[in-house]
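Please read the following briefing alongside the sequence and the three-dimensional view. The points are grouped by topic for a reader who is new to this structure.

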Amino acid sequence: MSKDMKSAIVLICFSLVLFFFITPKFVDDQGVSGVSPRFFPNFATLILLICSTALLAIDILTARRKSHEALSHKHNDTSSEGVVHPIDYMPLVVAGILLIYFFLFEYIGFLWTTPIVMALLMILLGQRNWKVIVASCLGMTFLFFELFRRGLGLNLL
Amino acid sequence: MHQMIAEIINGFSLMLTVGNMLAVLLGLSFGVVFGAIPGLSATMAIALVMPLTYNMDPIMAFAAFLAAYKAGMYGGSISAILINTPGVPASVVTTFDGYPMAQKGEAPRALDMALWASVLADFFSTLCLIFLAVAIAKIALKFGPPEYASLTVFALLIVSGVSGSSVLKGIITASLGFLMATVGLDPVVATERYTFGMPGLLNGIGLMVMLIGLFAISEILIQAGQRANIKVDGTMARAVKKYSQFKDVIFCLPIIVKSILMGVAIGAMPGIGGTTAAFVSYAEAKRASKHPEEFGKGSLEGVAAAEAGNNATVGGALIPLLALGIPGDVTTAVLLGALMIHGLTPGPTLFTEHSHFVYAIFAALLMSSFLLPVIGKIAIRMFGYITRVPKSVLFPILAVLCTLGVFGFSSSFDDLKIMLFFGVLGYFVRKLDFPLAPLLIGFILEPICETSIRQSLILSDGSFFIFVTRPLSAFFLLLAVAVVLFVAYMKKTQKSSVLLG
């Protein structure tokens, strides 16, 4: 399944759920001059649905045409379309660490959590020099702490 | 004319304070550094600095933002010439001749030419901005809600059409941006839309939260997937042959002037931007050159054309932003957000209600053109040090800076989670080859579009014919449809030719 096909299916499902379930429940339907508060959300959802369906249709047609061409030319190469690429989990791991960081920041405070999270991210991104990690994590944490505490009057403890 | 000159002099008197000058210098430095490091951009620089300017005087804040915008565009040429990696997408054309020049030991000559072409382009495009924006704003004052509605639809469709590889994908991301902007209270009847019972969403999604998430956090996630380090070869920055900067500039002046004119015109059109301007200027310079065979092998004219073309779009892109309140690209969309955060409404009324601000930022733009050579020269020397900071150190620091930027702006922990949501959304949007610019522009233009359409419908007692019976409104709509169909046709033709080999 190609990238476009996957995205189109997700977007079609999203727009259908939005149109039939979320919008009726979370947006009122009373307005002036024939335009209700639901008009623009529904309009954008419909555009999303139409374009996603068109994207899916174009992708299916293109894939079909390519497979016909491949057959007619007796190509053995199935092309990269059918190749399953390994999923890179690293961005999702980094996003997860950031989410945990935001919770810890809320309950423990900036000063205690930031150097640890920063060091963890540096290691994940490939930094192996522990002197660089320690110096930059501690240095930047204190620099930002002072800058934002004094500059913007933020309570970061 | 006399009044305009008096206003510009007044603008300079407002700008000439130590604080404002320092803001310009800091903006230029920040912009060059962010522009020069591949993966970072002036847009990100502005988004990150924005929270720090909330309590600042708007003139000082915008002096820094606009200086960063200009310098970011120039900064991209440094890495393009030295390491064959464009710091910003618009500098990709500079690599064609800049890097071959560096390989021949002429890196300083290429860097100087890029700097002077950028400075000249900045200066003349700012002059175009000053004269054209004022004239367009005077015309735009006569626009009513139907004209504004059609203009926003026009801008949205154009940006969706020309961004990325597919018109459909552009419209999809614009619709997503449009949907995100409907979160909060309805602008007319003030009922809740998609707030899910969360009081934090009553005022809608914060523009700053979205910006930092979409651009900075998504970039950190992308870099996490790549884990690449880029380092410059310091030996390349040393000159082998002697040369005269003045003679080089005089030799390339006709190409620079032509590229500036093309760059300003392209920049003023929504969604087209610096990359196209650089390509068009480069192609024209090659066509008109006496030595077209040197292009791609280290031609000084090639570097001059590419840099003058992309830098001239900066002044051009600011014309619709300031005169009509319509952003043409991602950076001007961020600047529009910054104007709104500082309580200023971009568009023709800005020229009548805050004329002192407009002329002060014109002065700031001119001033940053004069100061860019100073910062540029320092940046060329410093670049070797800047790029030695590994990305594995740089991006975790940026992650903390993003967190503090968003938290410092609203002191809300919910906003941090919303920022992360937009970061992940931006990551997937970019990974799946959808353009990011229409999402942001859809988000920014939705309130203007919705309010104008609803006001128009109140005026017409609910009849949609008001948009086609008013000549200017009908003209914008027709133009939008024509341009989108043309772009779709062109993209299809290009794809077919690629498929056919």
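Chain B of this predicted model has a secondary structure of 20 helices and two strands, where helices (H or I, at least four residues) and strands (E, at least two) are DSSP runs numbered from the N terminus. The radius of gyration of chain B is 22 Å, close to the 23 Å that the globule rule gives for 501 residues, so chain B is as compact as a globular protein of that length; the radius is taken over C-alpha atoms, and the rule is 2.2 Å times the number of residues to the power 0.38.

**How to read the values**

- Residues are numbered from 1 along each chain as its sequence is written, while chains are lettered from A and ligands numbered from 1 in the order in which they are written.
- Because the model is predicted, local features need pLDDT of at least 70 and side-chain atom pairs count only at pLDDT 80 or more, whereas totals for chains, interfaces and linings use all residues; side-chain values use heavy atoms, with hydrogens and water left out.

**Chain B as a whole**

- Taken along the principal axes, the C-alpha atoms of chain B fill a box of roughly 75 × 60 × 45 Å.
- Of the 501 residues in chain B, 61% are buried, a term that means under 20% relative accessible area, with exposed over 50% and partly exposed in between (1.4 Å probe, protein chains only).
- Among the contacts in chain B with a separation of 6 or more, 79% come from residues 24 or more positions apart, contact meaning heavy atoms within 4.5 Å.

**The interface of chain A and chain B**

- On the two sides, 63 residues of chain A are in contact with 64 residues of chain B.
- The area buried between the two chains is about 5400 Å², of which carbon and sulfur atoms give 81%; this is the accessible area (1.4 Å probe) that two parts lose on being put together, summed over both.
- In chain A, the residues that lose the most area to chain B are A:Phe40, A:Phe102 and A:Leu125, together 14% of what that side buries.
- The rule finds three salt bridges across this interface, each a side-chain nitrogen of Lys or Arg within 4 Å of a carboxyl oxygen of Asp or Glu.
- The side chains of A:Glu106 and B:Lys417 meet in a salt bridge, at 3.4 Å from N to O.

**Two buried residues**

- B:Gly31 lies in helix 2 (residues 18-36) of chain B and is buried, with a relative accessible area of 0%.
- Apart from its neighbours within four places in sequence, B:Gly31 is in contact with B:Ala68, B:Ala71 and B:Gly72, while its C-alpha atom is separated by 18 Å from that of B:Leu82, 51 residues apart along the chain.
- A:Ser2 sits in the segment before helix 1 of chain A and counts as buried at 12% relative accessibility.
- A:Ser2 and A:Ala63 are 61 residues apart in sequence and 8.9 Å apart in space, C-alpha to C-alpha.
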